[in-house]
Amino acid sequence: MHAVLPLASPTSLVLKRKRETDKLAKRLRHQVGRAIADFGMIEGGDKVMVCLSGGKDSYTMLDVLLQLRKKAPVEFAITAVNLDQKQPGFPEHALPDYLKSIGVDFHVIEQDTYSVVSRVIPEGKTMCSLCSRLRRGALYTYAEEHGFTKIALGHHRDDLVNTFFLNLFFHAKLSGMPPTLLSDDGRHVVIRPLAYVRE
């Protein structure tokens, strides 16, 4: 006779998943909070522009910053900003619908950088560097026009490490993406609150 193992009930599976989710959320809040404190990323009265790409990293960054703001010892404002670069197939409604559903102040910048990059870069070549420059320019311009004191990007620890090694191997220089960066013109402060979070 074979022993029959009891199956886990649906309720116990739901509770287990909730415990795991709560544990992950707590770890993320701790790591982001520590990065903010260690690098002086956010100060009282800051107006933070949280840049949303539509990917998991920027969604996570926004969610954690909203949670931390509730308990923060200083007051700061958050506005979610998405740059719609007119990439074919990008679901334009997804981000606005989500942000409305959670009641977050947001703005979508529409700038057809995709056509510019497609016209300038030969077919088969990587578009990343030009696309990145155009995106950065659009975000910096919007931040300046609307008085944002900090620009939050969703780069995590793996991004920072990968950039360091790419620069080392392909450009023979020791540089990477710092958790806090003052732009070359000194007018913008870029922060990366996920600097301690692994992908």
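The axes of H1 and helix H2 (residues 56–71) approach within 10 Å and cross at roughly 80°; helices here are DSSP runs (H or I, at least four residues), as strands are (E, at least two), numbered from the N terminus. Axes are lines fitted to C-alpha atoms, for helices over the stretch in contact, with angles from 0 to 180 degrees between N-to-C directions. H1 and H2 are therefore roughly perpendicular to each other (65 to 115 degrees; under 35 is roughly parallel, over 145 roughly antiparallel and the rest oblique). H1 contributes Leu28, Arg29, Val32, Gly33 and Ile36 to the contact, and H2 contributes Thr60, Val64, Leu65, Gln67 and Leu68, where contact means heavy atoms within 4.5 Å.

The model is predicted, with local features needing pLDDT of at least 70 and side-chain atom pairs pLDDT 80 or more, while totals for chains, interfaces and linings use all residues. Residues are numbered from 1 along each chain as its sequence is written, and side-chain values use heavy atoms, leaving out hydrogens and water.

Turning to the aromatic rings, a search of the whole structure finds three aromatic pairs (ring centres of Phe, Tyr or Trp, its six-membered ring, within 6.5 Å; planes under 30 degrees apart are stacked, over 60 edge-to-face, the rest tilted). Among them is the tilted pair of Phe39 and Tyr196, 5.9 Å centre to centre with 50° between the planes. This pair links distant parts of the chain, 157 residues apart: Phe39 lies in the loop between helix H1 (10–38) and strand E1 (47–52), and Tyr196 in the segment after strand E6 (189–191).
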